[in-house]
Amino acid sequence: MKEAVAFARIAFAEQEVPVGAVVVREGRLLGRGRNRREGLQDPTHHAEIEALREAARAAGTWRLDGATLYATLEPCPMCAGAAVNARVARIVFGCADPKAGYCGSLANVPQDPRLNHRCDVEGGLLADDCAELLRLFFRARRGNRE
């Protein structure tokens with residue numbers, strides 16, 4: 001998770017919403033990512049998507065069985081769905097997202113029994129650090145508009 005926080009800090013420095021993510025399997029880092037929607041003008045360029053794409057390339061397959069996706073913010077429906085589709089075993093996130101989180105806040109895509117794969121979900125790892133980065137980012141953003 002500390003590596004995901006480091007990537008969130010990079011996103012913060014790039015004036016992106018500070019979210020970072022990594023994919024780990026058997027103690028090996030397979031993929032890393034950060035939000036780059038603004039810089040790339042791509043609505044799908046979330047940290048989790050970047051990390052999953054890089055992990056799939058490193059593994060040589062889209063199936064990431066046994067892997068854990070760590071994200072600094074509770075994944076949105078797109079990212080939660082991508083984790084399910086990639087067959088990750090577990091999603092661990094920092095702080096909850098009551099406005100857009102789909103790993104327990106608004107819904108729970110990774111544990112929906114109607115889907116053909118389910119992921120274990122754990123929230124709250126380094127939550128204070130993750131939330132503080134987001135608070136700083138949005139506080140600065142509001143200050144720039146005033």
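These legends walk through a few close-up views of one predicted protein model.

The model is predicted, so to speak of local features a pLDDT of at least 70 is needed, side-chain atom pairs count only at pLDDT 80 or more, and totals for chains, interfaces and linings use all residues. Residues are numbered from 1 along each chain as its sequence is written, and side-chain values use heavy atoms, with hydrogens and water left out.

**View 1. The whole protein, before zooming in.**
Five helices and five strands make up the fold; both are DSSP runs numbered from the N terminus, with helices being H or I of at least four residues and strands being E of at least two. Along the sequence they come in the order α-β-β-α-α-β-α-β-β-α. The radius of gyration is 14 Å, close to the 15 Å from the globule rule for 146 residues, so the protein is as compact as a globular protein of that length. (That radius is taken over C-alpha atoms, and the rule is 2.2 Å times the number of residues to the power 0.38.) Put a box around the C-alpha atoms along the principal axes and you get roughly 50 × 30 × 25 Å. Of the 146 residues, 45% are buried; here buried means under 20% relative accessible area, exposed means over 50%, and partly exposed is in between, using a 1.4 Å probe and protein chains only. Among contacts with a separation of 6 or more, 54% link residues 24 or more positions apart, a contact being heavy atoms within 4.5 Å.

**View 2. The largest nonpolar core.**
Which residues touch the most other members of this 37-residue core? They are Val 23, Leu 64, Val 88 and Ile 91. A nonpolar core is a set of buried Ala, Val, Leu, Ile, Met, Phe, Trp, Tyr and Cys residues joined through side-chain atoms within 4.5 Å. Two or more residues each come from α1 (2-13), β1 (20-25), α3 (47-59), β3 (68-73), α4, β4 and α5 (127-145). The largest share, five residues, belongs to α5. In soluble globular proteins, nonpolar side chains tend to be buried together.

**View 3. Around Val 23.**
Now pick out Val 23, one of the residues that touch the most other core members. Leaving out residues up to four places away in sequence, its contacts include Arg 28, Leu 29, Leu 30 and Gly 31. Also on the list are Ala 51, Leu 52 and Ala 55, along with Leu 64, Ala 67, Thr 68 and Leu 69.

What are the buried residues of α4? They are Cys 79, Ala 80, Gly 81, Ala 83 and Val 84, and their cover includes α3, β3 and β4. Ala 86 sits in the loop between α4 (77-85) and β4 (90-95), and is buried at 9% relative accessibility. Beyond four places in sequence, Ala 86 touches Leu 52, Trp 62, Arg 63, Leu 64 and Asp 65. Leu 69 is 17 residues from Ala 86 in sequence, and their C-alpha atoms are 10 Å apart.

Most residues other than glycine have a negative phi. Arg 87, though not a glycine, has a positive phi near 65°. Arg 87 is in the loop between α4 and β4 and counts as buried, with a relative accessible area of 16%. Glu 26 isn't a glycine either, and its phi is positive at about 50°. Glu 26 belongs to the loop between β1 and β2 (28-34). Is Glu 26 buried or exposed? Glu 26 is exposed, with a relative accessible area of 81%.

Asn 35 lies in the loop between β2 and α2, while His 46 is in the loop between α2 (37-40) and α3. Asn 35 is buried at 7% relative accessibility, and His 46 is buried at 13%. Setting aside neighbours up to four places away in sequence, Asn 35 touches Ala 11, Glu 16, Val 17, Val 19, His 45, His 46 and Ala 47. The C-alpha atoms of Asn 35 and Ala 100 are 15 Å apart, with 65 residues separating the pair along the chain.
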